[in-house]
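Hello,

Here is the structure I promised to send over. Have a look at it first, and then read on for what turned up.

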Amino acid sequence: MTSGLAALEARLADELEFLQLPAPRWTPALRHDGEPVADVAIVGAGMTGLALAAALVHRGVAVSAYDEAAAGFEGPWATTARMETLRSPKHLAGPALGIPSLTFRAWFEAQFGRDEWDALDKIPRLQWMDYLRWYREVLALPVRNGHRVSDVQPRGDGLVELAVEADGRTTRAWARRVVIATGRAGLGGPSLPAFAEGLPRTRWAHSSDDNDYAALAGLRVGVVGAGASAMDSAATALEAGAAQVHLLVRRSDLPRINKGKGAGNPGFVAGYAHLADAWKWRIRHYINTQQVPPPRNSTQRVSRHANAHFHFGVAIESVNEREGALQVRTSAGPIELDFVIFATGFKVDWRQRPMLRRIAPCIRVWKDRYAPPAGEEDAELAESPDLGAAFEFQGRAGADCPGLERIHCLSYPATLSLGVITGDIPAISEGALQLADKLAGLLYGEDIEHHFARMEAYAEPEIFGDEWVAEPLPPPASPT
Ligand SMILES: Cc1cc2nc3c(=O)[nH]c(=O)nc-3n(C[C@H](O)[C@H](O)[C@H](O)COP(=O)(O)OP(=O)(O)OC[C@H]3O[C@@H](n4cnc5c(N)ncnc54)[C@H](O)[C@@H]3O)c2cc1C
C-alpha cells in the first residue's frame with residue numbers, strides 16, 4: 001500500500017508546521033547598489049548546497065543559491081557518475097535535517113510501498129537524483145540554475161561581491177556571507193599524474209570527465225586506480241564494448257576494509273572538529289593510507305566481463321603515443337593501450353577554481369601551520385584549508401584579504417578541519433545544521449544594535465491593564 005507523494009507532501013507540511021519551520025525572516029533587508037543583499041549566498045546547489053539552503057531558510061535567513069548546472073542536473077549523480085547504485089546504505093537519513101518526511105525512505109515508500117523498500121538493496125544512482133529534485137521542489141528552495149559564480153571578492157565593508165554569469169551576461173551580486181559548496185573537487189579538480197600533461201587529450205580522460213564511452217568500443221583501455229570510480233569507469237567502458245580493459249593498480253592488492261565507515265558514530269560526527277590537530281591529522285592520514293575499497297557490486301560489475309583484467313603491483317613510469325597507440329612503461333613491464341582513464345581522485349588546486357583566484361593566495365592551509373610527525377606526511381592533507389569554527393577560511397600570516405572570514409567552506413576539502421560533515425550522505429545534515437546555526441549566530445551578533453533597537457521598539461502588549469483592579473494596601477492591623 002503506498003500513500004503517494006501528495007500524501008507525503010501533506011505530512012511533510014504538517015511536520016514543518018508542528019516544528020514552526022520555516023521561521024519568519026528576522027535579519028534586516030539590506031540593499032547595495034539598489035540590489036537586495038542576500039544574508040548568505042551559496043555557490044553550488046548539489047546535495048550539500050540544498051541541505052544548507054534548507055537549514056538556513058528554516059532559520060529565517062535570506063539565501064541565494066547558485067548552480068552552473070541545469071536544474072535537476074546538479075552534482076555527479078545524473079552527469080558524470082557511472083555507478084549503478086550508491087555506495088551508501090539505503091537507511092541513511094542523508095540531507096533530511098532530522099525531519100522524517102524529508103528522508104529518501106519516506107519519498108521511496110510513498111511511491112513504491114514498504115515491500116519494495118524491504119526488497120531494495122542499494123539506492124539506484126538516478127533515483128537518488130530524483131529524490132534530490134523532489135527535496136528542492138517540495139521545500140521551494142531559492143536556487144538559480146544556469147548561474148555560474150566566476151568571482152568571489154570579499155570586501156572590507158561587511159559584504160562579499162560575486163560575479164555571476166548567466167545567459168551570456170555577467171552581473172554582480174552581494175551577500176553578507178558566502179558558502180563554497182562545490183563538492184568533492186570543490187577547491188580544485190582532478191588529481192592527475194604528471195605524464196598526463198604530455199598526452200594528446202584524445203587519448204585520455206579523468207573518471208570525472210564527461211567522457212564519451214561509446215567511442216571506446218573496440219579499443220584497449222587502461223584504467224589507472226582501484227577505487228570506486230575506477231570500477232565504474234572500467235565497467236562503463238566494458239559495457240560500451242571496449243575490446244579489453246586493464247585495471248592498472250599500483251598496490252599489490254585491493255583495500256578490503258572501509259575504515260571511515262567503521263569510524264562513523266555520533267561522537268565522531270560531533271566531536272571531530274574539537275579534536276587536537278594531531279588527532280585530526282592522524283585519523284585522516286590513517287583513512288587515506290588504508291584507502292577505501294571499491295564497492296563489491298561495482299567490482300563484480302567489472303569482473304563479470306572476460307575481457308576485464310586486474311593487474312596489481314603496476315606503477316606507471318611513462319606513457320608515450322607511438323605507432324598509433326599508447327606505449328605504457330610500468331614497473332611490471334610494458335603494455336600497449338589505445339586510451340587511458342585516470343581514476344585518480346581529486347586535489348586542492350586553486351588554479352582549477354578561477355572563481356577563488358582573489359582569495360586563494362590569502363587562504364591558510366594546514367601546511368602553513370601544522371607539521372605532521374615523521375611518517376605521517378600527506379600531501380593531500382597538507383593542502384587542505386585550515387578552517388575556523390564557523391567553517392570560515394582563515395588568512396595566512398601577512399595575508400591582506402579583509403573580509404576573508406565571510407567566506408565559508410562546506411565541501412570535501414574541509415574534512416580535515418571539520419570531519420565527515422562536509423559533503424557525504426551519512427552526516428550532511430549535521431554539517432548543514434551546524435553551519436546554518438553558526439551563520440545565523442554571526443548574522444545576529446553583527447547586527448546586535450539593530451536587534452537591540454528592535455527589542456526596545458517592540459510594543460506588543462500581552463496584557464492590557466484591564467485584567468486587574470489596583471487597590472491601596474490594606475490598613476495595618478490594629479495591635480491587640
Ligand atoms: C561518482 C561519485 C559517487 C559518489 N557516491 C557517493 C555515495 O554513494 N555516498 C556518499 O555518501 N557519497 C558519495 N559521493 C560523495 C558525495 O556525496 C558527492 O560528491 C556529492 O555530490 C556531494 O554533494 P555536494 O553538494 O557537496 O557536491 P556536488 O553534488 O558535486 O555539487 C556541487 C555543485 O556545485 C556546482 N558548482 C561548482 N562550481 C560552481 C560555480 N563556480 N558556480 C556555480 N555552481 C558551481 C556544480 O555545478 C555542482 O552542482 C560520491 C561522489 C562521486 C563523485
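Which residues lie nearest the centre of the second largest pocket? They are Glu35, Pro36, Tyr66, Arg144 and Ala173, out of a lining of 24 residues. A pocket here is an open set of points on a 1 Å grid over the protein atoms alone, where a 1.4 Å probe fits, with protein on both sides within 12 Å along at least five of seven lines; lining residues have an atom within 4 Å of a point. Strand β9 (169-180) gives the largest share of this lining, six residues; strands are DSSP runs of E with at least two residues, numbered from the N terminus.

Before going further: this is a predicted model, with local features needing pLDDT of at least 70 and side-chain atom pairs pLDDT 80 or more, while totals for chains, interfaces and linings use all residues. Numbering starts from 1 along each chain as its sequence is written, and side-chain values use heavy atoms, without hydrogens or water.

Now the ligand. Among the 31 residues around the ligand, Thr48, Asp67, Arg87, Ser88 and Ile425 come nearest (a residue is near if one of its heavy atoms lies within 4 Å). A polar backbone atom of arginine 87 is 2.8 Å from a ligand oxygen, and isoleucine 425 also places a polar backbone atom 2.8 Å from an oxygen of the ligand. The protein buries 87% of the 960 Å² that the ligand exposes when taken alone (Shrake-Rupley areas, 1.4 Å probe). Strand β4 (85-89) contributes the most to the shell, with three residues.

Best wishes

How values were computed: Helices (H or I, at least four residues) and strands (E, at least two) are DSSP runs, numbered from the N terminus. A polar contact is a pair of N or O atoms within 3.5 Å; within protein, one must be able to donate a hydrogen and the other to accept it, and residues adjacent in sequence count only if both atoms are side-chain atoms.
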